[in-house]
Amino acid sequence: MTGVAATDLPDPGSDPRRSMQRRVFVAGAGIMGSGIAAQCAVAGFAVTLEDVNEEFARRGLENARRALESAAKRGAFGAPTVAEALARIDVAIGLRRAEGADLVVEAAPEKLELKQALFRELDAVVGPDTILATNTSSLPVTSIASAVRDPGRVVGVHFFNPVLQMELVEVIPGVRTRPEVVAKATEFARALGKTVVTSKDTPGFVTTRALAVMGNEAACMLYEGIATKEEIDTAYKLGFHHPMGPFELLDLVGLDTTVAILDVLWDGFRDPKYRTCPLLRSMVAAGQLGRKSGVGFYEYPARTPRT
Ligand SMILES: NC(=O)c1ccc[n+]([C@@H]2O[C@H](COP(=O)([O-])OP(=O)(O)OC[C@H]3O[C@@H](n4cnc5c(N)ncnc54)[C@H](O)[C@@H]3O)[C@@H](O)[C@H]2O)c1
């Protein structure tokens, strides 16, 4: 657990030598957006969590609350920190409130056109010094950045799921990202208690490229009848010391997101190793997306937290 309690950190704006951002706007209140909002709030940032409608934004806030409470139960921080963090998060519908943000983290679905449209809209709202970060797990940051007038302010800041528990953040400069934007994004991630690795802007970066292939290969083995999903999950956990089996992980990530990622890898490399297993596509078509839809490879009770 790397969650850093607000009291462990200086006020992000109190030291004039620090250029760290204070007000964070998170666009997209799904699995990742809610976790990113919780993590930023715990570290003392003021956060606006945004989605396309009130139901989704409120659900995101509820998932942030559950993630914070679970982290407190695990001993990451005390109950007062949960209350303080929640008091720092407000919700919004639409991007207008990004106007006063020092940093925007986009966590909308993994579709290039959708992200480009969102960044185009953000470009018209935010001030000249706002850093625009994308939490994309596979799309070229350079392509997302091409939607704004100043691509030098756009950077990939890739968090991992569940955000409060995972130590890593990948920082991905696009071709035109300014070095000071990369430095500020790195400083921001470190202020959240994360360890940063920097990757070149190629499809899937360092982590997703490997992870997607592993999950896809497991789905292919199941599709071919090599073993049951339980046996495959057990084999990965006990044979490789992975904390979760591939099907548990696919359900956590979301099968729609996984298929979108494999499509990005295929588009980027045209290598057959990124050919999506038909089982994954048919499960997505059936709405079996994993935890977030209540059923994927496994079934989840209605109130299972998304983060
Ligand atoms: N799920 C993971 O494990 C994981 C891990 C790392 C990175 N990511 C990346 O994070 C991003 C979000 O993934 P997720 O799993 O949270 O998806 P999700 O489907 O859980 O959430 C996406 C949210 O974005 C909202 N949204 C859609 N259009 C929007 C718009 N125009 N403006 C604002 N919000 C909008 C949706 O209503 C939804 O609530 C993707 O780029 C994904 O690749 C996901």
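Modeller: Where pLDDT is low, the predicted coordinates should not be read in detail. This is a predicted model, in which local features need pLDDT of at least 70 and side-chain atom pairs count only at pLDDT 80 or more, while totals for chains, interfaces and linings use all residues. Residues are numbered from 1 along each chain as its sequence is written.

Biologist: And what is the mean pLDDT of the protein?

Modeller: The mean is 93, with 92% of the residues reaching 70 or more.

Biologist: OK, the ligand. Which residues are closest?

Modeller: Gly28, Gly30, Met32, Glu110 and Asn161 are the closest of the 28 residues that surround the ligand, counting a residue as near if its C-beta atom, placed from the backbone, lies within 6 Å. Helix 1 (31-42), strand 2 (46-51) and helix 4 (112-123) each give two or more residues to that shell, and the largest share, three residues, comes from helix 1. Helices (H or I, at least four residues) and strands (E, at least two) are DSSP runs, numbered from the N terminus.

Biologist: Where does the ligand lie relative to the domains?

Modeller: The ligand lies between domain 1 (6-198) and domain 2 (208-292), because both give residues to the shell around it; the bounds come from an automatic or database domain assignment. The C-alpha centres of the two domains lie 26 Å apart, and seven residues of domain 1 are in contact with ten residues of domain 2.

Biologist: Back to helix 1, is it buried or exposed?

Modeller: Twelve of its twelve residues are buried, so helix 1 is largely enclosed by the rest of the structure; buried means that 20 or more other C-beta atoms lie within 10 Å of a residue's own, exposed that 12 or fewer do, and partly exposed is in between, with C-beta atoms placed from the backbone.

Biologist: What covers it?

Modeller: The cover over the buried residues of helix 1 includes strand 1 (23-27), strand 2, helix 2 (54-73), helix 3 (79-87), strand 3 (89-93) and strand 4 (103-106). Helix 1 is followed by Gly44, whose phi is positive, near 100°.

Biologist: And what comes just after helix 10?

Modeller: There Arg270 takes a positive phi of about 50°.

Conventions:
pLDDT is the predictor's confidence in each residue, from 0 to 100. Two residues are in contact if their C-beta atoms, placed from the backbone, lie within 7 Å.
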